Amino acid sequence: MIKRRKKLLILIPVFFLFLSIAALQVIEPTYESSITILVEQDEMPILDIYNVNGGYRPPNRLEQFGKIIYSRSAMEMLIDSLHLGDSIQTIAQKQGLIAGLKNSITTSSEDGSSFEIAFSSGDPVRARDGAALLAQFYINTRSRFESKEKNETVEFLENKLAEIETIVEQRREEIVSSTAQQIQEVAVNPEVMQNRLETISTRIQEVDLSIYQTETKVNILEEFLNQPEDSFSMLPLYRLSLEEIPNGEPLTDLLSRYDTLSQQYTENFPGLQNTREQIIEVAARIKPAIESNLSILRRQRQELNAERQRIIQNLEQSYVASQRSTGDQSRFSIYQELYDAIKKKLEQARINREMGNKTSDQFIVLDPPVISETPTSPNKPLVIGAGLGLGLIISCLMVGFAEVMDTTIRSEEDLKLNKPIIAYLKDGRE
C-alpha cells in the first residue's frame with residue numbers, strides 16, 4: 001500500500017510544508033516588549049489615618065491596576081503618543097483601534113508587590129515605547145490619585161478641626177459661666193448647708209414638742225376653768241407640771257393649802273371657798289401667759305420652717321448647678337478628646353501628604369522594556385511543524401480513502417465468487 005500510494009504520502013505533506021512556509025511570508029510578525037515595576041509599600045503604620053480601631057493595613061496600589069491600564073484614557077494616550085490615530089476618520093475606526101490595543105496588552109502581578117506590563121506590536125520600537133508609556137501612565141495616575149486623596153483628607157480634617165475647636169470654645173465658656181453662676185447662686189458650702197439643715201430639723205422637732213406640751217397645758221386650763229359648779233374639781237390642775245408654767249409656785253402653794261383645808265373642812269368652809277377662788281383667779285392669769293408662749297413657739301416654728309425651705313432650695317440649686325456643671329464638664333471633655341484626636345490625625349495626614357509628594361519614587365523599574373530582535377509571533381518552528389503534521393494527517397486520510405475506493409483485484413481474497421482460478425495474469429510491473 002505504501003508503494004502504491006507513496007506519491008500521496010510525499011506530495012501532500014510537501015504541499016502543506018510549502019503552504020506553511022508561504023503563510024510565514026504573508027503573516028506580519030508581532031514583537032512584544034515588557035516592563036516589570038516593583039512597588040515599595042509604606043513602612044510607617046503609625047501614619048494610618050483611615051483605620052482607627054482595627055489593625056493597620058497599608059494601601060495596596062495594585063488594587064486598581066487593571067482598571068487604570070485598560071482605561072479609555074490610557075488607550076487614547078497610547079494612540080496619541082504612538083501616532084496610531086493619524087489615519088482614523090470615524091468613531092467606529094477609533095473604537096476598533098482601542099479594542100485592538102486592549103488585546104495587545106497583557107498584565108500580571110505575582111506577589112502583590114510588583115507588576116508586569118507587556119505590549120505587542122508589529123514594530124519592535126513601538127512595542128517597547130508602548131510598554132514604557134503604559135507603566136509611566138499608571139505611575140502618574142496612581143501618584144495623582146493618592147496626592148488628591150491625601151489633600152482631600154487634610155482639607156477635611158482641617159475643616160473638622162476648626163468646627164470642633166469652635167464647639168470646644170463654646171463649651172469652655174459655658175463651663176466658666178456655669179461655675180460663676182453656681183458661685184453666685186450658692187455662696188455656702190453644700191456640706192455646711194446640710195449640717196445647718198440637720199440642726200434646724202432637730203430644732204423644729206424640739207419646738208413641735210414644746211408646742212404640743214404648751215397646747216396640752218392650755219387645754220387643761222380651759223378644762224379646769226370651764227367646769228360646772230356642781231362638779232367642780234381640782235384634778236385637772238394636778239395633770240400640770242406647775243414648776244414649768246408661769247406663776248406655777250403660787251398655784252402650787254394654793255393647791256397645797258386647798259388640799260389641807262379640804263381634808264379638815266367641808267366645801268362650805270369660808271377659808272376653803274376663798275382658796276378655791278384664789279386658785280381659779282391664778283389659773284385664769286396663767287392661761288394668757290401660756291397662750292402667749294404658745295404664740296411665740298408657733299412663730300418660731302414658722303421661722304424655722306421658712307429657713308429650712310430656704311436651705312432646701314439652696315441645696316436644690318446647688319445640686320442642679322453641680323449637675324449642670326458636671327454635664328458641661330463631661331461634654332467639654334468629650335469634645336476636647338475628639339479635638340485632640342482629630343488634631344493628631346491631621347498631623348499624621350500632613351506627614352502622609354508630604355510623603356505622598358514622593359510617591360513616584362516608590363515605583364522601581366526592575367526590568368525596563370527593550371527592543372525585541374525576534375518576533376513573538378508567528379512562531380516559525382510551530383507553524384512549519386503544524387503544516388507538516390497536518391500534511392501527514394491528510395495524506396494518511398487520503399491514502400486510506402484511495403484504498404477504500406480502489407476496485408482493482410490483486411489477490412484471491414478480492415474475488416467475491418466461489419469459482420476455481422484458472423490462471424494468474426501479471427500486471428506487467430514484475
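Two strands are taken to pair where DSSP finds at least two bridges between them, and the helices (H or I, at least four residues) and strands (E, at least two) are themselves DSSP runs, numbered from the N terminus. The model is a predicted one, in which local features need pLDDT of at least 70 and side-chain atom pairs count only at pLDDT 80 or more, whereas totals for chains, interfaces and linings use all residues. Residues are numbered from 1 along each chain as its sequence is written, and side-chain values use heavy atoms, with hydrogens and water left out.

Strand β1 (residues 31-39) runs antiparallel to strand β3 (residues 114-121), and 8 bridges join the two; within this pairing, L38 is placed opposite S114 of β3. The open sheet is formed by 4 strands in the order β2-β3-β1-β4, with antiparallel pairing. Its edges are β2 (105-108) and β4 (363-367), each of which pairs on one side only.

When neighbours within four places in sequence are set aside, S395 is in contact (heavy atoms within 4.5 Å) with L8, L9, I12 and P13; the C-alpha atoms of S395 and P13 lie 6.8 Å apart, although 382 residues separate the pair in sequence. K217, located in helix α6 (residues 190-225), is likewise buried, at a relative accessible area of 14%, and its contacts beyond four places in sequence are with L240, E244, I245 and I290.

Key. Buried < 20%, exposed > 50% of the residue type's maximum accessible area, 1.4 Å probe, protein only.
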